[in-house]
Number of protein chains: 2
Amino acid sequence: VRTLRHIGLSSHCRIVRLLLAEKQLEFELMVEPVWERRREFLVLNPAGEVPVLTESDGLVLCGLYPIVEHIEESYPELPLLGQSKPERAEIRRLVDWFARKFEREVTSPLVGEKLLKRFLERQPPDTGAIRAGLANIGYHLDYIAWLSERRRWLAGDKFSLADIAAAAELSAIDYIGDVPWDGHQGAKDWYVRVKSRPSFRPILADHIPGVPPPKHYANLDF
Amino acid sequence: VRTLRHIGLSSHCRIVRLLLAEKQLEFELMVEPVWERRREFLVLNPAGEVPVLTESDGLVLCGLYPIVEHIEESYPELPLLGQSKPERAEIRRLVDWFARKFEREVTSPLVGEKLLKRFLERQPPDTGAIRAGLANIGYHLDYIAWLSERRRWLAGDKFSLADIAAAAELSAIDYIGDVPWDGHQGAKDWYVRVKSRPSFRPILADHIPGVPPPKHYANLDF
């Protein structure tokens, strides 16, 4: 059976969960306490990070980029990375934008400092990093609005991994209540459309013990 | 004509330069002063970052991941991303290791603080970041040695993008003289083999005005 080792608020893990659900590929979720650095887990992925996907034939894929490309190559039905070269270039550009740039500028300063550092490392959050994350999120929401005014979905006519990556990153921030939806109607409209897809339901049902999400988190109409 | 916009010590740009050279694909190099945020450049890549590759038919690829996958898909001769699924999984895992993990833990703290921040932003380097970068490099060199004792090249029998990514990251650190080669003979032996490839010559000829490399930088025998 296909297994995904993950942690709940990891945005990269959320991208993989959404990708597998959109591809209609069944999988079992296992929470991996990466902070324990379990020997059995380090054998699977010496980097000690999630997501890690184990295929039913035993093949192990470590990290977002190897997983995403493997899934698209192995299961080309319901393509999510585009088909023509320009489509693929644009989808991958936006996946990189959200999974790397947005992650570095917003998700990691906010979710990293507010949750992972506080709960896992028992350290006080770096308030400078949190301020920077909150300051950065606005222009990313503007960019989402700008794209979705011009295109049906972020990368073009078709729903793609670009939408998945952007929505996964935003959903982790939304869980801690830090997305300034007011004043960002364009991004909000697009997010409601992604949030309404069946693939998103398990993400909206996530519950981190001791950290309840805000009320609107799972509400499809906000 | 194919054009690569780059900056000299950017390790991601170096990965693309090596990849194109190994694939025997001709290209013109253009230095892009990303810190000027030129309007013409932001139209090409709204992220404002290099590498950016423009193909001769006008297709624009932004960022390491979109470029690498596009090149491998478009020019499958002389494959550098592997052919079987396990090969591809392992090569991409190591590309991710070096271009993301090593970059974050070593290259960005060292090259970022010592050169980019000092020269471009005219700010004093963060000495804490530099100390962390120097502390982290050792275990990455040990990992390279461990892999190359067990395999002909980092990801297996064949030279691949994994070797390119690791060598590109290391070459940027080596330019500023921060690789502790003494005591890391295994990694050094592997690096000499990569460094000796014709594709590496332009990297060794790089010269940043005002920042000469150490003597051993371009020396194939150290």
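1. About 30 Å³ of space lies in the second largest cavity. A cavity here is a set of points on a 1 Å grid over the protein atoms alone where a 1.4 Å probe fits but cannot get out; its volume is the space filled by probe spheres set on the points, which are joined across faces, edges and corners.

2. The model is predicted, with local features needing pLDDT of at least 70 and side-chain atom pairs pLDDT 80 or more, while totals for chains, interfaces and linings use all residues. Residues are numbered from 1 along each chain as its sequence is written, chains are lettered from A in the order in which they are written, and side-chain values use heavy atoms, without hydrogens and water.

3. Lining residues have an atom within 4 Å of a point. For the second largest cavity they are K85(A), R88(A), A89(A), R92(A), L61(B), H70(B) and E73(B). Two or more of them come from each of α4 (85–120) of chain A and α3 (64–74) of chain B, helices being DSSP runs (H or I, at least four residues) numbered from the N terminus. The most, 4 residues, come from α4(A).

4. In total, the structure holds 2 cavities of 30 Å³ or more. The largest has about 50 Å³ of space, and its lining consists of L61(A), P66(A), H70(A), E73(A), S74(A), K85(B), R88(B), A89(B) and R92(B).

5. For the largest cavity, α3 (64–74) of chain A and α4 (85–120) of chain B each supply at least two lining residues.

Methods:
1 Å grid on protein atoms, 1.4 Å probe; cavity = no way out; pocket = protein on both sides within 12 Å on 5 of 7 lines; lining within 4 Å.
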